[in-house]
Amino acid sequence: MEMEANIISCRTSEVHLEEGRNWIIKAYIEQSQSTEMALSSCFYPSVYSEVEDVGWEHLVRLGEDLTSLSFRILDKKRQVHIMEIRLSPNYPKCPPSISADVPYLFELKWSINSRLKDAVHQFCEHLEKLQEFWSTLENIDRVLWVIDPRQPSRATSYRKINLGNDCYIVLFINAYDPRSLPECRFLGPDSIIDSMRKKWRSNGKRWMKDKPFSENLACVLETLLPGPPDIQKDNQKFECGICYAQYLPIDDDLGAKSGSAPDYSCDNANCSRAFHSLCLGDWLRSITTTRQSFDVLFGSCPYCSEPVAVKVNAKE
């Protein structure tokens, strides 16, 4: 039974190869008839043979004139990558052009004796070099509050991160050296951002390549960084979104609020961040756009910018 199964499998493969060969011959004839200058007679059989070397199971798309191909490549982490290849009429004398969803392309090493499988092999080696870059971005996406891009491609090398207090940092990760100190741009109120810029410049030497990216970022900025919203929701009822503490300090000056847990939460269902009303009141007072009516401060949530209102006499 096992021998019969192997024979059937081999025959099935032969049928598929024969179908591929017939399709290419047909395409060659049609192309020759429809163009004034058809490609050389050896071009189509050569492409067929080279695709066979790579493996028909990896082929995703084949252009009608056989000058454009797409291969499906798996890296060592089983992630799928699509490699686009464009062949010139003088192929293989002229190297193919390659495109893919990666931050930068490798320099293809090519000679008259090179074939498609050589290009695919070099692409696989390039994917391995990029694993650390992608791992760094995955760590950022998993641990920090990334708000842009929402659906990043594998070529995207920047992340816009919410730091809280209506402040953001845009990080540009070096694809050649992803663990190095990244270039960055701060966005938010000048009164807060100026302080962060100074810390970034003075603490840059603290950046250690052997530490996790998020840990380095918190060390340089000298602050705790909010996590993604889904992680925050698990901790919102325990920690204040401004002071990041579960309880206020024990202090007679705080009156009834001394040692209390967060007692205010954002009404936005997608945020629901918890705060000590004292911390939120102090933060709102520092924002120039905050309005006050009697004993109530009206402003925006530090995390989602939705309207919030808190009594200024909350400490009484």
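**Figure 1. Phe186, Trp200, Trp207 and Phe213 are linked into a cluster by ring pairs.** In this predicted model, local features need pLDDT of at least 70 and side-chain atom pairs count only at pLDDT 80 or more, whereas totals for chains, interfaces and linings use all residues. Residues are numbered from 1 along each chain as its sequence is written, and side-chain values use heavy atoms, with hydrogens and water left out. Rings of Phe, Tyr and Trp (its six-membered ring) are taken as a pair if their centres lie within 6.5 Å, and planes under 30 degrees apart count as stacked, over 60 as edge-to-face and the rest as tilted; by this rule there are 9 aromatic pairs. The rings of Phe106 and Phe123 have centres 6.4 Å apart and planes at 45°, so this pair is tilted. Phe106 lies in the loop between strand 4 and helix 3 (116-129) and Phe123 in helix 3, 17 residues apart, and their pair thus links distant parts of the chain. Both Phe106 and Phe123 are buried, a term that stands for under 20% relative accessible area, with exposed meaning over 50% and partly exposed in between (1.4 Å probe, protein chains only). Trp207 and Phe213, which are likewise buried, form an edge-to-face pair at 5.1 Å centre to centre, with 80° between the planes.

**Figure 2. The charged ends of Lys160 and Arg273 sit over tyrosine rings.** A charge is assigned to a ring in this way if NZ of Lys or CZ of Arg is within 6 Å of the ring centre and within 35 degrees of the ring normal. The charged end of Lys160 is placed over Tyr168, 5.1 Å from the centre of its ring, while that of Arg273 is placed over Tyr303, 5.2 Å from the ring centre.

**Figure 3. Cys279 takes part in no disulfide.** With a disulfide defined as a pair of cysteine sulfur atoms within 2.5 Å, the count comes to 0. The cysteine sulfur nearest to that of Cys279 belongs to Cys243 and is 3.9 Å away. Cys279 has 13% relative accessibility and therefore counts as buried, whereas Cys184, at 24%, counts as partly exposed.

**Figure 4. An open sheet of 4 strands has the order 1-2-3-4 and antiparallel pairing.** Helices (H or I, at least four residues) and strands (E, at least two) are DSSP runs numbered from the N terminus, and two strands pair if DSSP finds at least two bridges between them. Strand 1 (59-62) and strand 4 (97-99) are the edge strands, each pairing on one side only. Strand 1 is joined to the antiparallel strand 2 (residues 68-74) by 3 bridges, and Leu59 stands opposite Phe71 in strand 2.

Figure 5. Strand 11 pairs with strand 12 (residues 296-300) over 3 bridges in the antiparallel sense, and Arg291 stands opposite Phe298 in strand 12.
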